[in-house]
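Biologist: I would like a close look at one part of this model. Please keep it brisk and give the cut-offs as you go.

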Amino acid sequence: MTGVTGALVRQQLRESRLSLLLWAAASALAASAVASTAEAVADPRLLREWLGQLPEEMQRLLGRVPDYENAVDFFVSFKWLYLMPLIGALFGSTAALGLIARDIERRTADFVLSLPVTRAHLLAARFAALAIGLGAVYLAAYLGLAATLWAQGMRGSFGRYAAFHAGSWCVALAFAAAALRLGLRSRGHGAAMRWGVLLAVGTFLVDVVNRVTAGPRAVGWAVLYGLVDAQEVVGRGVFPWGAVLAGLAATGLLVGWSLRVFGRMRVAA
Amino acid sequence: MHVIELENLRMEYANGRGIHGLTLQVERGEIFGFLGPNGAGKSTTIRTLLGMLAPDAGTARVAGHDIVTDGVAVRRATGYLPSENALYLGMTGEEAVGFSLRVRGCPERMLRAAELARRLSVDLRPRLRSLSHGQRQKAAIVVALAHDPEVVILDEPTTGLDPLAQEQFFALLREERDAGKTVFLSSHVLSEVEQLCKRVGIIRDGLLVEVNEVEALRRNRVKHVALTFRGAAADVGSWPGCSEVRVDGSRVRFAFHGPIGALLERLAGADVVDASVGDPTLEEVFRAFYRPGQGSGGGGG
């Protein structure tokens with residue numbers, strides 16, 4: 001990436017590199033730690049017994065072994081994958097809230113806004129950097145998971161995991177875009193951060209409750225998390241087109257809204 | 001030719017503060033002083049010119065570009081030094097300059113940046129966080145001037161600079177002016193404006209109360225008067241336009257505001273044996289504008 005946009009994207013990645021590294025490393029380590037306990041799937045019967053002890057609602061949430069062709073896939077899904085959209089949404093939301101608010105708080109906005117670029121260009125470039133960072137977090141998590149499973153000789157459906165991560169990335173982007181819009185409205189970075197966490201976690205809990213209570217699927221779609229279903233993507237091999245399309249569409253709409261608002265915003269001294 | 005033109009420019013915050021209709025022109029090759037205390041509207045004017053704040057009314061052009069419809073061109077033609085450090089402290093000075101130059105599409109100007117850094121005696125290699133306040137300010141000056149802008153807008157530029165660095169900086173600004181660049185210098189430090197500027201604008205509560213040459217301001221606004229009376233000193237304090245009266249026996253010193261002819265008429269009937277009239281410093285002129293009830297004429301230019 002070259003030119004003005006490239007310079008803006010690189011600068012944003014540079015500014016957020018510490019949190020990006022922490023999130024990527026933590027995700028990779030967590031995925032690897034979960035995958036390292038996968039010896040349990042050497043005997044799927046044990047898994048089935050363990051799952052059978054759980055209440056019906058929990059079984060509904062986690063899925064059932066027969067839904068999966070592969071015991072490794074089942075293990076990975078119920079132990080880890082369902083958290084992936086939440087992890088991305090949390091990282092995306094908190095990063096997006098800081099895209100402009102941090103500059104205002106640290107007074108670097110005076111420098112950035114005196115550069116010869118439109119605000120739309122600036123914000124779009126920064127969001128592109130965030131999308132790249134979010135992709136890096138998902139890639140790290142995927143590699144941590146896949147490498148650890150592979151090293152143990154576990155034959156997971158790695159392509160399906162990748163598809164699930166891609167769907168989660170799109171959903172997390174939409175959360176980041178929503179947080180970006182919230183951040184332009186909020187006064188102060190700290191307050192905005194709380195709203196971002198509330199947005200990501202609150203909607204995740206709505207999805208969990210909806211799944212446990214066998215609520216309408218539309219509720220899951222409305223809060224976006226329902227668009228990436230591990231049972232469908234990993235268990236049945238369905239590519240999460242809904243998550244990709246709806247996630248990207250919501251992202252586009254919300255970022256466009258933010259560009260308009262930011263373009264008119266008075267950045268006070 | 002006017003390089004900076006404001007026509008009834010207005011930008012008001014919700015609390016009613018801001019700028020309330022500024023009209024002003026700055027010529028090419030001029031160092032223009034923009035004077036006012038904190039909160040008068042100096043930074044708001046600058047931020048409006050640079051497109052950080054959208055004006056409520058009026059128009060303004062910088063380097064021939066409208067600030068509302070062509071803000072990118074305005075910022076491309078402008079080098080801006082904010083009143084507080086606005087650079088990313090995690091960057092080195094070189095990275096900050098490089099980033100600014102790449103976004104401005106002129107990375108080859110790094111050589112000019114190096115020369116400016118040498119002139120200002122600042123090392124651009126360390127992270128800005130590790131530099132002293134003064135060194136950071138010098139780095140910010142390099143960032144503001146590195147792309148060789150047509151217009152330089154400086155908001156309280158000497159904050160943190162020691163006297164030697166200030167001299168180097170002023171010399172640099174004079175060179176820029178001699179090269180045909182226009183400098184808009186906002187300050188409340190009158191001595192620096194007095195050293196650098198031929199013309200100044202004085203802003204008060206968001207209104208321009210005076211735009212004039214420094215010398216003319218000194219001549220017209222306030223006079224230092226010392227009178228020695230033959231007997232007891234007259235009650236000068238009761239005369240119109242007289243203030244800051246100090247009586248020492250038959251000698252009286254005071255500041256006089258207004259046409260000097262009115263004072264001479266008064267003196268014609270008084271028994272004065274000695275009189276002297278002197279120009280005030282710019283600081284005294286400035287203070288005169290900020291006394292309650294003085295100078296709020298608005299819409300200077």
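How many residues does helix α5 of chain B have, and how far does it reach from its first C-alpha to its last?

Modeller: First, the ground rules. This is a predicted model, where local features need pLDDT of at least 70 and side-chain atom pairs count only at pLDDT 80 or more, while totals for chains, interfaces and linings use all residues. Residues are numbered from 1 along each chain as its sequence is written, chains are lettered from A and ligands numbered from 1 in the order in which they are written, and side-chain values use heavy atoms, without hydrogens or water.

Now the helix. α5(B) covers residues 133–145, which makes 13 residues. It reaches 19 Å from first to last C-alpha, close to the expected 18 Å. That expectation is 1.5 Å times one less than the number of residues. Helices (H or I, at least four residues) and strands (E, at least two) are DSSP runs, numbered from the N terminus.

Next, burial. Eleven of its 13 residues are buried, so α5(B) is largely enclosed by the rest of the structure. Buried means under 20% relative accessible area, exposed over 50%, partly exposed in between, with a 1.4 Å probe and protein chains only. B:Gly134 is one of the buried residues, and so is B:Arg136. The buried set also includes B:Gln137, B:Lys138, B:Val143 and B:Leu145.

What surrounds them? In chain B, the buried residues pack against β6 (78–81), α3 (93–103), α4 (110–120), β7 (151–155) and α6 (163–178). Chain A takes part too, through α7 (109–112). Contact here means heavy atoms within 4.5 Å.

The structure has three cavities of 30 Å³ or more. A cavity is a set of points on a 1 Å grid over the protein atoms alone where a 1.4 Å probe fits but cannot get out, and lining residues have an atom within 4 Å of a point. Grid points are joined across faces, edges and corners, and the volume is the space filled by probe spheres set on the points. The second largest cavity holds about 120 Å³. Its lining counts 18 residues, and those nearest its centre are A:Phe111, A:Ser114, B:Tyr80, B:Pro82 and B:Val143. β6 and α5 of chain B are the elements that give two or more residues to this lining. α5(B) gives the most, with four.

Now the aromatic rings. Over all chains there are twelve aromatic pairs. Rings of Phe, Tyr and Trp (its six-membered ring) pair if their centres lie within 6.5 Å; planes under 30 degrees apart count as stacked, over 60 as edge-to-face, the rest as tilted. A:Phe239 and A:Trp241 form a tilted pair, with centres 4.6 Å apart and planes at 50°. A:Phe239 is partly exposed at 34%, and A:Trp241 is exposed at 54%. B:Phe34 and B:Phe184 are tilted as well, with centres 5.0 Å apart and planes at 40°. That pair links strand β3 (31–35) to strand β8 (182–187) of chain B, 150 residues apart. B:Phe34 is buried at 0%, and B:Phe184 is buried at 0%.

Two charges complete the list. The charged end of A:Arg119 sits over the ring of A:Phe262, 5.3 Å from its centre. That of A:Arg181 sits over the ring of A:Trp257, 4.5 Å from its centre. The rule wants NZ of Lys or CZ of Arg within 6 Å of the ring centre and within 35 degrees of the ring normal.

Methods: On a 1 Å grid over the protein atoms alone, a cavity is a set of points where a 1.4 Å probe fits but cannot get out, and a pocket is an open set with protein on both sides within 12 Å along at least five of seven lines; lining residues have an atom within 4 Å of a point.
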